[in-house]
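Trainee: Before we discuss the strands and the confidence values, may I see the sequence and the model together?

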Amino acid sequence: MIKKVLIANRGEIAVRVMRSCREMGIKTVAVFSDADRTSLHVRHADEAFHIGPSPSNESYLNIDKIIQVTKKSKAHAIHPGYGFLSENADFSNRCEKENIIFIGPSAYSISTMGDKITARDTMMAAGVPVVPGTKEAIKDEAVAARIIKEIGLPVMIKASAGGGGKGMRLVKKDADLIASIRAAKSEALSAFGDDSVYIEKYIVSPHHIEFQVLADKKGNTIHLCERECSVQRRHQKVVEETPSPLMTTELREKMGKDAVAAAKAVNYVGAGTIEFLVDNELNYYFLEMNTRLQVEHPVTECVVGVDLVKEQIRIASGEKLTHKQKDIKQTGHAIECRIYAEDPDNNFMPSPGKIQQITEPQGLGVRTDGYVYEGYEIPLYYDPLISKLITWSETRLDAIQRMKRALYEYKIAGVKTSISFLEKIMDTKDFYEGRYDTHFIEKNQNQLRASNESCSQECEDIAIITAFVDYTEKLKKLQAIHLAPTNGKSGWKSYGRKQGVERM
Amino acid sequence: MPLEIRLNDRLSNVELVRKEKHYLEILVDGKLYKLDVMQVERGVYSILYNGKSYNVELIEGDSQKKYNVNTHYHSFDLEIIDAETRYFLSRNKNLLDNDESTISSPMPGKVVKIPVKAGQDVEAGDTVIIVSAMKMESEYKAGKGGKVKEILVNEGDTIEGHQPLITLE
């Protein structure tokens, strides 16, 4: 069994991984950049090592440095979290060469699934349905434009090496074609260092539903049912839930089988996710595989009762899967809301800054996976995710009510957050009724963007009074410092000393 | 001592009438409020008024006189207006009218690209600077047509929120 794990990540996921390690009696090693010396993952770990400057390509993406620290700390294994090096085949390879256990799949699985075009071919060969579109990575703008015309609008342009909505553009009109190709290529280049793109037909009313899979090194593969991730903004997930309101028992069984077949087709080992697009007629298409732990993994953990990080570590240690497919049952309903440091009233601009005050929700059925604390300054170099709020209850409606209650309790001052936006999502009829697809936010934007019902005179007055009280107290304190008793010393003397200091 | 406080366009007169420990009587534009006001955490006040419980967060702005105030469902920018503030307001009125000619980002970040040069003509809607923060790139566009007067930052620079980046003529 693995005895010590280095976590090559930061933020909430690093803390999340360390929690499971601690429960298993495994020592943890954190790595951190200049900007993260005071980050919570450093404080949570048994050991912590500095690995470079704040930009991630000089720290969290620096393979040599991370390997060096792993050896120095004598860690047996590396957990990559999500993002950063988690889907980097070279890194997985390098770990193997250096005799370090990579808690994730082989370089072969990562590169086959990581390249969306190879992934597509492999899935077609395995009999898993895919979305119509191009197979080759396209570098040339004119070729891309020609192919788009052949497939017919609307189409989606995606970075071959992409993920997380970066380097992705939807084209609806001919006029936007060239600008969109350029934007996708430029974003892909800066985010992944590779500007190849591919193109696919755009499904009109799509639901984004993904299946969690687990596979051990002995050839056993199971799925842990679905996650519904259709509430997306700019192709980034905002709210996830399981079970999906769209799902039927028959469809779950069919998609689950295909998810397992997809994982087996690349000899997958570890925890992974098969993403599907599902239309209103319940046709489904393989979208991509994420060869790592997902941000939204907690909803599965709540409903299936499996700690996915522990499973990852056991699998990496060479153990057999703890569960068989027939043991996997969904109990109740779980919802996750992603709390971002961003300003919902100002086009979701990122809002880095200092947390002045934070109160996290508590009580029955509430889980928060976060990493910020009072006085912590959220750096501008990394993802704006502050925390994930997860609620569980026996029924979907109870889980929604509980989420609303938890969002009400959640107070973060100092940076703008998406909490108010998430509250509005919970109040939207389409969400409440479970009738939504990936256009949910766009469709409901009037309700979601509306400023809250105008504040009564009384609530404005209360705000004014609070500022008044605070300001007058502040003035009083300042005056008190000014007029402080001098304990017999001459006021002029301290005045002179003060002047001297100010002159310096 | 009465104070003037500005909330968006509303200017209010606020005066403390009575204070006994945390029980306050305050006049806001002539309306009398009897409240129980406690600072419960740094920057957080619990206010009881007529049996209702308000939780109010205060975040100090760039100066000690500016506050961002959050009640549960609303967020306001407030400013304490005194003689000094009044003077600045009258002096800066002209500057505010010219807002369109200065491009700035509301958030801190890093300058990715500046696709224009000083002296170049731009149309309204042209992208003049791209700033990245927290892995998202945002394009800032010229609010009006004109000549690029001055570029105040370089590609690769780390910038503060609201810092002037580019000025247009």
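Mentor: Two strands pair if DSSP finds at least two bridges between them; helices (H or I, at least four residues) and strands (E, at least two) are DSSP runs, numbered from the N terminus. This is a predicted model, in which local features need pLDDT of at least 70, side-chain atom pairs count only at pLDDT 80 or more, and totals for chains, interfaces and linings use all residues. Residues are numbered from 1 along each chain as its sequence is written, chains are lettered from A and ligands numbered from 1 in the order in which they are written, and side-chain values use heavy atoms, without hydrogens and water.

Trainee: Over how many bridges do β4(B) and β5(B) pair?

Mentor: Strand β5 of chain B covers residues 44-49. Glu41(B) stands opposite its residue Val44(B). The pairing with β4(B) is antiparallel, and the number of bridges is five.

Trainee: Which residue takes a positive phi in the hairpin of β3(B) and β4(B)?

Mentor: β3(B), residues 23-28, and β4(B), residues 31-41, pair in the antiparallel sense over six bridges. Val28(B) stands opposite Lys31(B). Two residues lie between the strands, and the one with a positive phi, near 50°, is Asp29(B).

Trainee: Which element of chain B has the lowest mean pLDDT?

Mentor: pLDDT is the predictor's confidence in each residue, from 0 to 100; its mean over chain B is 84. Among the elements of chain B, β3(B) has the highest mean, 94, while the lowest, 61, belongs to the helix of residues 83-97, α1(B).
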